[in-house]
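Trainee: Could you walk me through this model? I would like to learn how to read its packing.

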Amino acid sequence: MKHLLSTEDLSYANAIRILDTAEEMAAVGEREVKKLPALRGRTVVNLFFEDSTRTRISFEAAAKRLSADVINFAAKGSSVSKGESLKDTAQTLAAMGADAVVIRHWASGAPHRLAATDWIDAAVINAGDGTHEHPTQALLDAFTMRRHWSTLAGSPSAGADLKGMRVAIAGDVLHSRVARSNVWLLRTLGAEVTLVAPPTLLPIGVEEWPCTVSYDLDETLARGVDAMMMLRVQGERMNASFFPTTREYSRRWGFDDNRLRALDSLGLKDTIIMHPGPMNRGLEISSAAADSPRSTVLAQVRNGVSIRMAALYLLLSGDTREPATSTAAYSKESH
Amino acid sequence: MASQQQDTGSTGAYLIRGASILGGPAEDLLIRDGVIAARGQDLDTGDATVIEAAGLVALPGMVDIHTHLREPGREDAETVETGTRAAALGGYTAVHAMANSTPVADTAGVVEQVLTLGRTAGWVDVRPVGAVTVGLAGEQLAELGAMADSRARVRVFSDDGICVSDPVLMRRALEYVKAFDGVVAQHAQEPRLTAGAQMNEGVVSAVLGLTGWPAVAEESIIARDVLLAQHVGSRLHVCHVSTAGSVEIVRWAKSRGINVTAEVTPHHLWLTDELVRSYDPVYKVNPPLRTDEDVQALRAALADGTIDVVGTDHAPHPSEHKECEWAQAAMGMTGLETALSVVQHTMIETGLMTWADFARVTSTTPAAIGRLEDQGRPLETGEPANVILVDPAARWTVDPSKMATMGRNSPFAGRELPGKVVATFFKGHPTVLNGELNTPYRWLPDSAEVPNTAVRP
């Protein structure tokens, strides 16, 4: 593994290795001194062409806990906003000796360009590109789900996958890199995914994806869901006729108080409610749902640091070999 | 050798010995004074320079209905000189220069400037395309009549790059050009359905998270335009048809007797949107690369005549416009120096077409659409000597850095292609010999030679 660009091409063995490494990193986060010397002397650049304070500080915390030097390079207020090309920016970072570039970009595929060209030789981590992928978000979501799923099974997380877990993802799939990365990773880990959205917010071609598609959130819940992930929906989408009004969206596809109660009446006592943040309370998720004991929103944020530590550690520690495919053999089949 | 005859007004004499004429039996062609002076077996050499052509195919010089030469305005991308060198090397003797220059070719002055630049270069006949609307803005008709009456004698009008989406404006343009036997070449792209579009909308775009350019955005405009052409009884040309659905609509229109012609690019005959998975902007083009189903439909349509011509849509860009993020990159591919090879690979070596068919779709029909009377002619005695010699057995690997075009944006880079242009005769003068540029043709002063004259005095 030289780069982490997408979950579509992330092997089962590498996915499990990242999740297992993140478990070890999580233990560090619980110590009084939350720091490892692993990446001392290495330089990690956070190259952000799009505002995202939460993702940037998560990567920053992860790199710092591994003792790496961190440079934050925000496109706004830098030479990038004055028209410098991605190529020149990349070559500049290469000249400064960046070992890893964490890139967030509004253009789908920008991290692939960095990795595929000879502009820079550093490890590239995709921190979200356009409407394409956000692999570390999917990994932290899977990490959160795995802990929950293993706890239910009464077995340790390490080495486990998500076989048999029923995951519903509801919202603006069309514009969501989180949904795409989750669909591929959850498939790899053996979960059963249902996408729930208005037809206007599903991409043409979604029928080829390894998941079920539904237009009806209530029906999906009634069939049974172990993890319910709500995606952020931009209210402005209604101006482009993706849906008539935010109220209608919320009634049909939002996780509101009625649906929160429905989980209880359906006997789904262990179903968790997830959201990648930032939330639009009252639009795709009600406050009661976001703040309920079922909500894993803050656990996801916490786990994000562990996942990003694991990714940085595995890409920069020099151990870039593919793990033996037999890693799959010790995945838990107990649930 | 050729240059010494320039001053005399003669382009010299050449005896092409034993070339397969349009892929048929081997014969000799004698080229003298700008015409094919004789065709037959064992012609007398006389004072002519002999070109041994055993194993080569003789074809009429190719005519590109769709070229972007970028000059005036974007001389960092291409000039008329470099673009027409590429054209000659690619086997072309005429190219239609699209109107989206800076300034836009929407007045008699600009089209005459482009005509003059082409004459000065001398590599091929450069035929300016006039813009349909002022500044390609889609609001007001450009002075189509003035461009038609100018020295450039414009017959093809197009806002290519932008669709004439206003149905009333399109109707008026189709009606108006009837006054001077013009044709409107439409870039069929419904603008609202393609806002921000980056690639073909389908299975691949769904995965890549790139905004889709749906087939329906092309097909709906073609459907509307063929009905408009029928209603007003005018001539419509559809640029770069890219979808299987468009083929069906054109086929239907032709079955109804509607006067429509259609064009396909070499890249749409081969490449698919699977290539976009690399996010390499060399594959970014408009209309976008489609699916293999579309590719197969386009090949079948070109073979059966539903699609009339191959047009390159040669679109050179400076490298900085391709060395960037996909969404930032310019759309377009070079094509003049690879068109023959790609058509040979996709149409001839697949058994779908013969070399005679090749001549029809790359020369005879595009010349007829553009009303170029001295191009696309049969290789017969007395006809203008716009002739190319092709070695169909040659194999070469595409290296954009070695091309004559300034554009390095060839999607075929690194691929091995069949077929090589050995010689190009433009008005009887060899612009290409032994596969390399020779010398340009020298036009007589403006007054002595107007376009479309078959033979120089």
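Trainee: At what angle do the axes of helix 1 and helix 2 of chain B cross?

Mentor: Two packed helices are described by the angle between their axes and the distance between the axes. Here, helix 1 (residues 80–89) and helix 2 (residues 108–121) of chain B cross at roughly 60 degrees, and their axes come within 9 Å. That makes helix 1 of chain B oblique to helix 2 of chain B (under 35 degrees counts as roughly parallel, over 145 as roughly antiparallel, 65 to 115 as roughly perpendicular and the rest as oblique). Before we go on, this is a predicted model: local features need pLDDT of at least 70, side-chain atom pairs count only at pLDDT 80 or more, and totals for chains, interfaces and linings use all residues. Residues are numbered from 1 along each chain as its sequence is written, while chains are lettered from A and ligands numbered from 1 in the order in which they are written.

Trainee: Which residues make the contact of helix 1 with helix 2 of chain B?

Mentor: Helix 1 of chain B brings B:Val80, B:Glu81 and B:Thr84, and helix 2 of chain B brings B:Val114, B:Leu117, B:Gly118 and B:Ala121. Contact is a matter of C-beta atoms, placed from the backbone, lying within 7 Å.

Trainee: How far apart are the axes of helix 6 and helix 7 of chain B?

Mentor: The axes of helix 6 (residues 215–232) and helix 7 (residues 244–255) of chain B are 9 Å apart, at an angle of about 10 degrees. That makes helix 6 of chain B roughly parallel to helix 7 of chain B. Among the residues in this contact are B:Ile222 and B:Val226 of helix 6 and B:Ile249 of helix 7.

Trainee: Are the residues of strand 10 of chain B buried or exposed?

Mentor: Burial is a neighbour count: 20 or more other C-beta atoms within 10 Å is buried, 12 or fewer is exposed, and in between is partly exposed. In strand 10 (residues 183–186) of chain B, B:Val183 and B:Ala185 on one side and B:Val184 and B:Gln186 on the other are all buried. Strand 10 of chain B also runs parallel to strand 9 (residues 156–157) of chain B, joined by two bridges, with B:Val183 as the bridge partner of B:Val156.

Trainee: Where is B:Lys178 found?

Mentor: B:Lys178 sits in the loop between helix 4 (167–176) and strand 10 of chain B. B:Lys178 counts as partly exposed because it has 13 C-beta neighbours inside 10 Å.

Trainee: How many residues of chain B are in contact with chain A?

Mentor: 19 residues of chain B are in contact with 22 residues of chain A. Helix 5 (residues 203–208) of chain B gives the most to that side of chain B, with five residues.

Note on methods. Two residues are in contact if their C-beta atoms, placed from the backbone, lie within 7 Å. Helices (H or I, at least four residues) and strands (E, at least two) are DSSP runs, numbered from the N terminus. Axes are lines fitted to C-alpha atoms, for helices over the stretch in contact, and angles run from 0 to 180 degrees between N-to-C directions. Two strands pair if DSSP finds at least two bridges between them.
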